[in-house]
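Me: I have a sequence and a model open. Walk me through how to read them.

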Amino acid sequence: MNHPLRLCAAGLERFMRGGGRSALRRLDTLVAWVLLGWLGQRLGWSFASGVLPVVLWWTLRCSGTARWAHAATPRVWLLASAVGLLAVLPLLPTGPAALAVLLLAAALWGGWSASLARTAGDTTPTLPGLAMGLMMGSLWLGSQWCLGPGWTPAQAVALHAGLMLGVPLLVAALRRAGCWPASAAACPPAALLAAGALLMAWPDATAWRLAGMGLLVLAWTVGAHSAHPAALSRTHVPAGLGPALLLAVGWLAPTHGPAAMQAAWAIVAVLALADLLRWRPHRPSVALKPPQRWSDVS
């Protein structure tokens, strides 16, 4: 009898060969951002609240892609171990033991996500990916959340998940229907990213931040669907920059208030503007035909 993990790995490999690789990566990322952040906030630690397990998961997801196994399928046992630890977590009293279990589960989940990214060939940190991680990772920072006070956690999660799932589905549907404008392909994601980050950094403007979130998700979606991702970014993004920004926001928010989050978005806007200044449109290479000779004419 085959081991259950081997059967899961085989089924996962068939699923990814069938075109589900991108959907699985997006779903894995969304669930990690929401679930790990919710558990971190629920247990109520004072240091960085719900972002600490998300920072650990994100760090391993980014830095581990260059070192995890070169296997043809993701390491399912890492995800299974993380799920097992998370299932035990509600039985533990709030304290150091629960913190250790949650962080260990986040690390194992980060290893799974890294191996999944490695299998999908998604091993290069990008500015849109950094912006999405900062937006989703700060979801559980309470008063520092991107839309400000007055929103319940359920409303915040529903809005974030709706944007994360709805915008890519809408873009894919427009592409299939042939309704995606040709000018959109010429628009660099850095332009959308810069505009979205500037709107997110603007103080006390909920409507603008909603528009900024939409632009950030659109930049992430357009970059992921580009046929020439190497031509999209000219700015090198260190693998640990996103987790470092999120950790800094979680650490400084209790004393500096919303200014910590706005400063992080200002940094993202500067990086996106620098990327936009270096951007060059992709021009497909045209094969040069040899000059026609008189003998070819008949």
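**Reading one residue, then the fold**

Reply: Start with Trp265, which counts as buried because its relative accessibility is 1%. Buried means under 20% relative accessible area, exposed over 50%, and partly exposed in between (1.4 Å probe, protein chains only). This is a predicted model: local features need pLDDT of at least 70, side-chain atom pairs count only at pLDDT 80 or more, and totals for chains, interfaces and linings use all residues. Residues are numbered from 1 along each chain as its sequence is written, and side-chain values use heavy atoms, with hydrogens and water left out.

Me: Where does Trp265 lie, and with which residues is Trp265 in contact?

Reply: Contact means heavy atoms within 4.5 Å. Trp265 lies in helix H11. Setting aside neighbours within four places in sequence, Trp265 is in contact with Ala131, Leu134, Met135, Ala197, Met200, Ala201 and Leu216. Take Ala201: Trp265 and Ala201 are 64 residues apart along the chain, yet their C-alpha atoms are separated by 5.2 Å.

Me: Which residues have the most contacts inside the largest nonpolar core?

Reply: The general idea comes first. In soluble globular proteins, nonpolar side chains tend to be buried together. A nonpolar core is a set of buried Ala, Val, Leu, Ile, Met, Phe, Trp, Tyr and Cys residues joined through side-chain atoms within 4.5 Å. Here the largest has 65 residues, and Met135, Trp265 and Val268 have the most contacts inside it. Helix H4 (residues 96-120) gives the most to this core, with 9 residues.

Me: How many helices and strands does the protein chain have?

Reply: Both are DSSP runs, numbered from the N terminus: helices are H or I with at least four residues, strands are E with at least two. The protein chain has 11 helices and 0 strands. Of its 298 residues, 42% are buried. Among contacts between residues at least 6 apart in sequence, 77% join residues at least 24 apart.

Me: At what angle do H10 and H11 pack?

Reply: Axes are lines fitted to C-alpha atoms, for helices over the stretch in contact, and angles run from 0 to 180 degrees between N-to-C directions. Helix H10 (residues 241-256) and helix H11 (residues 258-278) pack at about 150 degrees, with axes 6 Å apart. H10 is therefore roughly antiparallel to H11. Angles under 35 degrees count as roughly parallel, over 145 as roughly antiparallel, 65 to 115 as roughly perpendicular and the rest as oblique. The contact includes Leu245 and Val249 of H10, and Ala264 and Val268 of H11.

Me: Is Gly129 buried or partly exposed?

Reply: Gly129 counts as partly exposed, because its relative accessibility is 23%. Gly129 sits in helix H5 (residues 127-137). Not counting residues up to four places away in sequence, Gly129 touches Trp58 and Trp220.
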